[in-house]
Amino acid sequence: THFGFKTVDKDSKESLVGQVFSSVASKYDIMNDVMSFGIHRLWKDEFVNTLNPGRRAGSNEQLSFLDVAGGSGDIAFRILDNAKRRHGDVSSNMTVVDINPNMLAEGEKRAAAHPEYANDPRIKFLVQNAETLDQIPDESQDLYTVAFGIRNFTNIPKALETAHRVLKPGGVFACLEFSKVDNFILDQVYTQYSFNVIPMMGQIVAGDRDSYQYLVESIVRFPTQEKFAQMIQDAGFTLAGDGYKNLTFGVAAVHIGVKL
Ligand code: SAM
């Protein structure tokens, strides 16, 4: 198969994903900016804005946020910022988990350099596989986020069931991921760009063509918005409406499910 990775078994997929993210960890930000023309930042803003996490007026409960595949800390900091800025919430907790210690170290480094979150005991970083999350207790989390991570998981249904396990009743699962473009012309352009330009830029900017080739292929293999919404439902979540919102014509999409 020209997709190359289609036939890899579970262990080799995990180690392959490990290699890909170890190799991109330090160049991760610049490549994201180059490949998406900076748009990933707007998507992440929109994602967190839509969720609007933070303790609501009148409640004194501390919320527990869990950002899965959160390596860089990009989503985690936005969530804490939102909680503070829109709700005056400076007591809720954030756990950032990632399977890759190098990505996690990158996030920790950024937390340490962050004017607000350096030495903040509310933020924890844990090496964890999203499929098991064995250090996260049942029904312990209010919000589970995963951004640009889930398509790399070996067993997505298992990760969704685990998300369901760790959320409290009433807890929210939210995913930001590359998805399927819903505009014919744009899809042609996007496909050309993905297969021809991105691996080349990977070569030029990060000296690593293969990792970026893999990233492009993983986007192509990921299910459609509707199929993924169904998978979220199959894991036990309730969807609001059709369960997703497209960003930039479906280049990315946000899926949300609630554990009732
Ligand atoms: N969420 C961050 C962001 O949006 O900038 C990082 C996304 S990065 C593209 C994907 C992350 O998924 C990597 O850090 C990788 O190590 C992590 N990952 C892949 N498979 C995983 C798994 N099974 N469990 C936890 N994290 C995983």
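In which loop does Ser-72 lie?

Modeller: This is a predicted model. Ser-72 lies in the loop that runs between β1 (64-68) and α4. Ser-72 counts as buried because 23 other C-beta atoms lie within 10 Å, and the cut-off for buried is 20 or more. Leaving out residues up to four places away in sequence, Ser-72 touches Tyr-28, Asp-29, Met-103, Glu-106, Gly-107 and Arg-110.

Ser-72 also carries an annotation. An unreviewed UniProt entry gives the feature "binding site" at Ser-72, Asp-98, Asn-129 and Ala-130.

Now the ligand. The shell around the ligand has 21 residues. The closest are Ala-69, Gly-71, Asn-100, Met-103 and Ala-130. Met-103 is also one of the residues that Ser-72 touches. Ala-130 is among the positions in the UniProt record. Helices α1 (10-24) and α4 (74-87) each give at least two residues to this shell. By type, the shell holds eleven nonpolar, seven polar and three charged residues.

Next, Asn-129, another position in the UniProt record. Asn-129 sits in the loop between β3 (123-127) and β4 (141-147). Asn-129 has 19 C-beta neighbours inside 10 Å, so Asn-129 counts as partly exposed. Buried would take 20 or more.

Leu-133 lies in the loop between β3 and β4 too. Leu-133 is buried, because 23 other C-beta atoms lie within 10 Å. Residues up to four places away in sequence aside, Leu-133 touches Val-97, Gln-128, Thr-162 and Val-166. Ala-163 is 30 residues from Leu-133 in sequence. In space, their C-alpha atoms are 8.6 Å apart.

Last, the nonpolar cores. The largest has 56 residues. Tyr-144, Phe-173 and Ala-174 have the most contacts inside this core. Strand β5 (residues 167-178) supplies the largest share, seven residues. Take Ala-174 and set aside neighbours within four places in sequence. Ala-174 is then in contact with Leu-51, Leu-143, Tyr-144, Thr-145, Val-254 and Ile-256. A second core is separate and has six residues, among them Met-35, Ile-198, Tyr-214 and Val-216.

Key. Residues are numbered from 1 along each chain as its sequence is written. This is a predicted model: local features need pLDDT of at least 70, side-chain atom pairs count only at pLDDT 80 or more; totals for chains, interfaces and linings use all residues. A residue is near a molecule or strand if its C-beta atom, placed from the backbone, lies within 6 Å of it. Helices (H or I, at least four residues) and strands (E, at least two) are DSSP runs, numbered from the N terminus. Ala, Val, Leu, Ile, Met, Phe, Trp, Tyr, Cys and Pro count as nonpolar, Asp, Glu, Lys and Arg as charged, and the others, Gly among them, as polar. A nonpolar core is a set of buried Ala, Val, Leu, Ile, Met, Phe, Trp, Tyr and Cys residues joined through C-beta atoms within 7 Å. A residue is buried if 20 or more other C-beta atoms lie within 10 Å of its own, exposed if 12 or fewer, and partly exposed in between; C-beta atoms are placed from the backbone. Two residues are in contact if their C-beta atoms, placed from the backbone, lie within 7 Å. UniProt positions are given in the numbering used here, feature names are shortened, and annotations may be inferred rather than shown by experiment.
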